[in-house]
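Biologist: I would like to go through this structure with you one question at a time. Could you take me from single residues to the larger arrangement?

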Amino acid sequence: AAKRLMTGRVSPRMSPVSSYVNLASYKQPKSCELDPALSLQELDVSGKNVVARFDFNVPVDDGTVMDDLRVRAALPSINHMLGQVPNRIVLVCHFGRPKGADKKCSVEFLVPILKSLLGKEVTFLPDGVSEKTLETLKDREGADEGSGSVYLLENIRFHEGETKYKAGSALSSLYKSLGNTHIADCFGCVHRSHMSIVESTSGYGFLISSEVKAIGELLKTGGKKVLGIMGGAKIKDKQPMIECLCKMPNTRIFVGGGLTRGWNENFKETPSNVVLSRDAYGASNLSAPASYLPDILTTGGGGFDIGPQGMRDLVAMIDQSDVIFWNGCLGVIEDPRYRVGSAMIVDYLLAQKGKKVIIGGGETASLFVGKEE
């Protein structure tokens with residue numbers, strides 16, 4: 001079925017290769033560069049009290065962690081710091097979008113995962129950014145000295161001041177008091193002006209370094225044909241990236257997932273180098289039986305996985321491209337019924353020879369877990 005789906009006629013909607021834009025006024029972006037002096041590689045955290053912001057917002061289904069990739073992505077930075085023997089490391093993260101201290105969004109479930117991956121004790125700090133937490137850490141100063149103790153702070157988004165950051169606020173002052181070295185290695189969040197990110201002024205970790213390097217390679221296309229595959233659910237989060245890609249020469253964009261439905265609400269027109277995946281498999285909601293939807297822009301129901309015509313369009317675009325950048329799944333991959341399309345594209349990309357494939361986003365990267373090639 002997969003082979004039949006990936007072969008056959010290209011949609012007449014699809015623009016020919018000649019529609020790659022090549023704007024005369026386009027200026028090559030400056031290469032993505034970070035201050036090397038702020039790299040974790042250059043920082044000495046020995047004997048320091050480190051506060052490290054990571055992205056541990058892992059997918060959870062009925063209390064079971066479906067994929068711990070985002071936690072494992074932090075291990076190089078954490079282990080590097082532990083190798084320098086700090087006094088302590090306070091790991092900071094968020095989970096979900098809680099409205100206040102919602103215990104359903106507590107990050108305590110991450111403690112055994114971190115213990116297993118790090119091979120050492122991890123102490124949970126249930127009171128978050130608070131005077132009580134500061135007292136707990138102060139009481140443990142003697143035991144922590146030169147021990148590389150690891151703590152996990154309760155969900156940072158339990159505090160309203162995290163997402164509604166105000167410099168110099170009482171919460172900000174408490175947060176800075178948690179340590180004397182603040183780093184960030186949460187690439188999926190660093191575009192947000194949140195307290196725990198803005199206050200990470202000491203440096204950045206290895207995940208951010210590697211992601212920025214990959215983006216730099218994408219910007220330096222050298223005349224090669226670039227394909228951006230944009231999926232996911234929130235068009236507003238992807239809009240700046242789509243607008244940037246639209247202006248790059250020799251670049252085409254395939255828009256799928258939940259982004260297609262929100263396209264007309266956020267873009268006045270569809271550029272010639274953008275293809276919208278309009279057909280889908282879906283239903284009125286995720287609990288309803290799945291059916292084929294020929295055009296989710298004109299029919300009711302939610303498109304929860306890429307349809308066969310969209311798949312043929314995308315495969316043809318992959319065949320015509322030299323560099324592929326994929327950010328955002330093409331379906332609701334938590335549901336096995338709607339994981340099929342994204343999984344098929346993974347297999348198709350892995351079969352490509354001589355193409356550079358860049359995967360952006362933890363959920364998209366999770367599709368490649370276990371596919372060592």
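Modeller: Leaving aside neighbours within four places in sequence, T133 is in contact (heavy atoms within 4.5 Å) with L125, D127, G128, L153 and L178. This is a predicted model, in which local features need pLDDT of at least 70 and side-chain atom pairs count only at pLDDT 80 or more, while totals for chains, interfaces and linings use all residues. Residues are numbered from 1 along each chain as its sequence is written, and side-chain values use heavy atoms, with hydrogens and water left out.

Biologist: Which helix holds T133, and is T133 buried or exposed?

Modeller: Helices (H or I, at least four residues) and strands (E, at least two) are DSSP runs, numbered from the N terminus. On that basis T133 lies in helix α5, residues 131–139. Buried means under 20% relative accessible area, exposed over 50%, and partly exposed in between, with a 1.4 Å probe and protein chains only. T133 has a relative accessible area of 2%, so it is buried.

Biologist: Which residues of the largest nonpolar core touch the most other members, and which helix supplies the largest share?

Modeller: A nonpolar core is a set of buried Ala, Val, Leu, Ile, Met, Phe, Trp, Tyr and Cys residues joined through side-chain atoms within 4.5 Å. The largest one has 31 residues, and F56, M81, L91, L110 and L152 touch the most other members. At least two residues of this core come from each of β1 (49–53), α3 (75–83), β4 (88–92), α4 (110–118), β5 (122–125) and β6 (149–153). The largest share, five residues, is supplied by α4.

Biologist: What does L152 contact, beyond its neighbours within four places in sequence?

Modeller: L152 is one of the residues that touch the most other members of the largest core. Its contacts, with neighbours within four places in sequence left aside, are L91, C93, V107, L110, V111, L114, V122, T123, F124 and L125.

Biologist: Where does S342 lie, and which residues does S342 touch?

Modeller: S342 is found in helix α14, which covers residues 340–350, and counts as buried because its relative accessibility is 0%. Not counting residues up to four places away in sequence, S342 touches D305, W326, C329, L330, G331, I333 and L367.

Biologist: What is the phi of V85, and what is that of N250?

Modeller: Most residues other than glycine have a negative phi. V85, in the loop between α3 and β4, has a positive phi of about 55° although it is not a glycine. N250 lies in the loop between α11 and β10 (251–255), and its phi is also positive, near 60°.

Biologist: What is the strand order of the open sheet of three strands, and which strands stand at the edges?

Modeller: Two strands pair if DSSP finds at least two bridges between them, and the order of this antiparallel sheet is β13-β12-β14. Strand β12 (residues 280–283) pairs with β13 over three bridges, and A280 stands opposite L293 in β13. With a single partner strand each, so that one side of each is left without a neighbour in the sheet, the edge strands are β13 (291–293) and β14 (302–306).

Biologist: Which helix packs on that sheet, and what angle does its direction make with that of β14?

Modeller: Axes are lines fitted to C-alpha atoms, for helices over the stretch in contact, and angles run from 0 to 180 degrees between N-to-C directions. Helix α13 (residues 308–319) packs on the sheet and touches β12, β13 and β14, with an angle to the direction of β14 of about 45°.
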